[in-house]
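Have a look at the picture, then read on.

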Amino acid sequence: MRIGLLIVSHGSKDSSWVTLVDEAIAGARWPEGLPVASSFLEGVPDRSIQDGIDQLEAQGVDHIGVVPLFVSSGSTHVDEIAYALGAKSEPLCETDLEPFHTKAHIIYGQPIDDDDTMIAMVSDRLQSLGVVAKRDTVLLVAHGSPHMPFQNWWRQGLDSIAARLIEEERCISAAHALLCCDSLPDAVQQLLSKLDSSKRNMQGEQQGANDEGHDQFGSAVVAVVPIFLSKGYFTTKAIPERLQFQPNSVRVSASAGSGDILPHSLVTEWEGRILYDGEPLLPHPALSVWLEQESQRVLSRLKESLSNG
């Protein structure tokens with residue numbers, strides 16, 4: 001008997017996307033002698049999920065713990081990969097993914113969801129953007145799914161992340177939008193309207209008081225944070241373009257200290273009111289720690305199933 005570990009992520013034709021994931025995996029500390037393979041659902045030649053299985057089985061591995069390196073349980077990919085690996089009998093959503101060929105016994109893990117790792121990565125993104133915790137609001141933007149129950153799982157996870165950010169005083173308020181289902185400009189406008197309404201209420205309650213707090217609140221912004229592991233089409237193209245699908249296009253502000261404005265940015269009535277720099281969650285050392293922890297959980301379940309016969 002030999003146990004191995006397979007880490008599965010989505011993949012991309014963009015080599016920089018793959019590099020960020022590879023670096024996170026390389027930064028993890030694995031048990032000595034444990035065979036570890038990293039595979040991708042699509043977009044990376046010679047590193048498919050079947051390639052990873054074959055690589056492990058060629059080393060004599062007959063029990064594989066699988067870690068799905070995805071941000072949400074709401075991803076239909078998480079479900080279809082579990083099915084194709086034989087970890088569940090039927091997928092919850094129609095899939096073209098054929099069952100993989102494997103002789104090994106499979107134990108399937110969980111994606112990141114609202115783990116402390118996610119909170120740490122998003123919190124550092126807010127700091128990089130220059131978010132003022134007692135003034136600014138956050139819009140978490142993720143891919144999402146139009147299919148149920150996956151869409152609900154996406155929204156539940158993002159709502160939990162938003163609540164944690166508020167609870168830990170990373171921002172004054174937070175919400176989410178799904179690229180698959182929601183209007184990103186509408187979501188931003190709703191948050192800006194709430195900020196403006198709060199400002200007017202504060203001014204009405206404190207007329208004649210020191211206006212320093214009002215001035216600070218008046219400069220409140222919406223920080224748009226993409227919940228994507230690695231930089232790619234959605235962070236560099238889809239989200240900025242969605243922000244421009246308005247009668248008046250949207251200025252995408254630079255992150256604090258970067259000095260860079262995305263080349264497609266336009267000056268509008270929203271200028272200076274949105275923070276977005278196109279950066280994903282990686283690179284971040286917390287993901288390597290999560291990989292270690294989730295791998296330990298999966299391998300523990302695998303060993304427990306072996307001991308129970």
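This is a predicted model: local features need pLDDT of at least 70, side-chain atom pairs count only at pLDDT 80 or more; totals for chains, interfaces and linings use all residues.

Two strands count as paired if DSSP finds at least two bridges between them.

- Four strands make up an open sheet in the order β6-β5-β7-β8, and their pairing is parallel.
- The edges belong to β6 (173-178) and β8, which each have a single partner strand, so one side of each is left without a neighbour in the sheet.
- Zooming in on one pair, β5 and β6 run parallel and share six bridges.
- Within that pairing, L139 has A175 in β6 as its bridge partner.
- Helix α4 packs on this sheet, where it touches β5, β7 (222-226) and β8. The direction of α4 makes about 135 degrees with that of β7.

**Helix α9**
- How far apart are the end C-alpha atoms of α9? They are 34 Å apart, and that agrees with the 33 Å that its 23 residues should span at 1.5 Å a residue.
- Quite a few residues of α9 are buried, among them W290, L291, E292 and E294. Others on that list include A286, L287, V298, L299 and L302.
- What do those buried residues pack against? Their neighbours are β1 (3-9), α1 (15-26), β3 (63-68), β4 and α4.
- As a rule, an α-helix has 3.6 residues a turn, so residues three or four places apart point the same way.

**Cis peptide bonds**
- You'll find P149 in the loop between β5 (137-142) and α5 (150-167).
- Another cis bond joins L282 and P283, and here omega is about 0 degrees. P283 sits in the loop between β8 (274-275) and α9 (285-307).

**Positive phi without glycine**
- D46 isn't a glycine, yet its phi is positive, at about 65 degrees. Look for D46 in the loop between β2 (36-40) and α2 (49-58).
- D113 is another non-glycine residue with a positive phi, near 55 degrees. The loop between β4 (105-108) and α4 (116-129) is where D113 lies.
- Is D46 buried or exposed? With 70% relative accessibility, D46 counts as exposed, because the cut-off for that is over 50%.
- D113 has a relative accessible area of 19%, so it counts as buried, the limit being under 20%.

Methods:
Residues are numbered from 1 along each chain as its sequence is written. Side-chain values use heavy atoms; hydrogens and water are left out. Helices (H or I, at least four residues) and strands (E, at least two) are DSSP runs, numbered from the N terminus. Buried means under 20% relative accessible area, exposed over 50%, partly exposed in between (1.4 Å probe, protein chains only). The expected span of a helix is 1.5 Å times one less than its number of residues. Contact means heavy atoms within 4.5 Å. Axes are lines fitted to C-alpha atoms, for helices over the stretch in contact, and angles run from 0 to 180 degrees between N-to-C directions.
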